[in-house]
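User: Please walk me through this structure. I want each label set against its cut-off.

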Amino acid sequence: MATVSFSSPPSFAGDNSGALTSATILRFPPNFVRQLSTKARRNCSNIGVAQIVAAAWSDRPAVLCHCGGGSRARGVSSHAAAASAAASAAAAAEVGAIPNAKLAQPSALALAERALLGSDASLAVHAGERLGRRIATDAITTPVVNTSAYWFSSSQELIDFKEGRHASFEYGRYGNPTTEALEKKMSALEKAESTVFVASGMYASVAMLSTLVPAGGHIVTTTDLYRKTRIYMETELPKRGITMTVIRPADMDALQEALDNNNVSLFFTETPTNPFLRCIDIELVSKMCHSKGALLCIDSTFASPINQKALTLGADIVVHSATKYIAGHNDVIGGCISGRDELVSKVRIYHHVVGGVLNPNASYLILRGMKTLHLRVQCQNNTALRMAQFLEEHPKIARVYYPGLPSHPEHHIAKSQMTGFGGVVSFEVNGDFDSTRKFIDSVKIPYHAPSFGGCESIIDQPAIMSYWDSKEQRDIYGIKDNLIRFSVGVEDFEDLKNDIGQALDKI
């Protein structure tokens, strides 16, 4: 069993009582960490107990530890220390002594990281972690920090924190170092100044709308939209006196009319949309909105930041359901809002008050999932395109909706603003409600479930899954009984094609 010993009793500053100092970090020999890590993983899954035990705050002084009779100073490496010092200097220059000042994003360290990591592949693996994180640890992976509050060594340190001179956290609802690493990674991928992660994609939309649309304001959205987002807009926003114009996704004349005739606060749209995968020209609509003083928010969940970077095309805010491609393993729920720090900071303040906090264990799972984001999305892009081509040629398919097909009405827009077309293919079978249900029940590989974007293929019939309670709503939004939404996973294409083919043969 590993032991920890000190050559002399450490003490509080100015005190000879022999107690540990408030800044003392107990550091353990590598074998101890490995042994504890093994036991922790066996008993506690991904909680990362061993990593937490071995972790220390990077802004606290390094402590000389005497482990197993030998002694050595253990602190951050020289290059990390230099990077930290540079970032601290930049921060000091920016914030000065302004009360409650916050470090502008991106920081000097973030800029250095982006200069080093030039591709989405490298950013997905290393951003927010490789060049510096709030936790000093020998672990390659970012530890899970399970705490509800953070302590300060003195009242002066607390005052320094409040006035922006000391980098730390205060309360679990206001921030967490595991979640902070995740937010930095997402900002790097979206080319955003700032990102805030929250408990779900739906809450991300709610927080954004609650913050950026004033009482009595007016929003514009599209007919093709996640149903729960539409329900929130129709039922909750009117309580604040907010009115809404709904347009068809590609109807730019209707958008211009709405902007001309209303004091529009924000245009909120998905691209690609759910479930018909319509695409909106982000660069065009951003110019239209900004000319009238309106913000543009893009829900980019169906694209992911690998396929589309809406902020670089002129969007002000991007939201994601991180449950989908971002996490990518069908095992965690989360959401995020990315954009200019000026706007995201407003959402963050609202979020701190209202709650909707992402659990640090969920942050860890999303952070882990993002390391393979580029690999998964590239695979899904390829499989979905081949699947869409296969379905479009199949005699039992009436219509295929996929932006990668030349037959798609916004194929030209998708080609101009996306590097891949996503892993979801929607299509209508030649048949009625019952034959479509028979097809769904005949597939063997995809799971019959809601959601999309994970490693496992998922298939559903929206007339049942999302709109079973409202035939009227199905008719209004074009959700036919024979519509299928198919999210391809990372399985082999031939296996999926054969499975879909045999299911179609049964109708």
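The questions and answers below go through the labels in turn.

Analyst: A word on sources: this is a predicted model, where local features need pLDDT of at least 70, side-chain atom pairs count only at pLDDT 80 or more, and totals for chains, interfaces and linings use all residues. Residues are numbered from 1 along each chain as its sequence is written, and side-chain values use heavy atoms, with hydrogens and water left out.

User: How many helices and strands does the chain have?

Analyst: The chain has 20 helices and 16 strands. Both are DSSP runs numbered from the N terminus: helices are H or I with at least four residues, strands are E with at least two.

User: What makes Phe268 buried?

Analyst: Its relative accessible area is 0%. Buried means under 20%, exposed over 50%, partly exposed in between (1.4 Å probe, protein chains only). So Phe268 counts as buried. Phe268 lies in strand β8, residues 264–270. Buried residues make up 51% of the 507 residues in the chain.

User: Which residues are in contact with Phe268, neighbours within four places in sequence aside?

Analyst: Contact means heavy atoms within 4.5 Å. Among the partners of Phe268 are Ser205, Met208, Leu225, Met233, Cys297 and Val319. Cys297 is 29 residues from Phe268 along the chain, yet their C-alpha atoms are separated by 4.9 Å.

User: Why is the pair Phe276 and Tyr401 called edge-to-face?

Analyst: Rings of Phe, Tyr and Trp (its six-membered ring) pair if their centres lie within 6.5 Å; planes under 30 degrees apart count as stacked, over 60 as edge-to-face, the rest as tilted. The centres of Phe276 and Tyr401 are 4.9 Å apart and the planes stand at 65°, so the pair is edge-to-face. The pair links distant parts of the chain, 125 residues apart: Phe276 is in the loop between β8 and α11, Tyr401 in strand β12. Both Phe276 and Tyr401 are buried.

User: What are the values for Tyr325 and Phe452?

Analyst: Tyr325 and Phe452 are 5.9 Å centre to centre, with 65° between the planes, and form an edge-to-face pair. Tyr325 and Phe452 are 127 residues apart. Ring pairs join Phe302, Tyr325 and Phe452 into a cluster.

User: How do you know that Arg230 lies over the face of Tyr477?

Analyst: A charge sits over a ring if NZ of Lys or CZ of Arg is within 6 Å of the ring centre and within 35 degrees of the ring normal. Arg230 is at 3.6 Å from the ring centre of Tyr477 and lies over its face.

User: What makes the link between Ser338 and Thr195 a polar contact?

Analyst: A polar contact is a pair of N or O atoms within 3.5 Å; within protein, one must be able to donate a hydrogen and the other to accept it, and residues adjacent in sequence count only if both atoms are side-chain atoms. The side chains of Ser338 and Thr195 make such a contact at 2.7 Å. Ser338 is in strand β11. With a relative accessible area of 0%, Ser338 is buried.

User: Which residues have the most contacts inside the largest nonpolar core?

Analyst: A nonpolar core is a set of buried Ala, Val, Leu, Ile, Met, Phe, Trp, Tyr and Cys residues joined through side-chain atoms within 4.5 Å. The largest has 60 residues, and those with the most contacts inside it are Ile366, Leu391, Val400, Tyr402, Phe427, Phe439 and Ile500. A second, separate core of 26 residues includes Ile219, Leu225, Leu295 and Val347.
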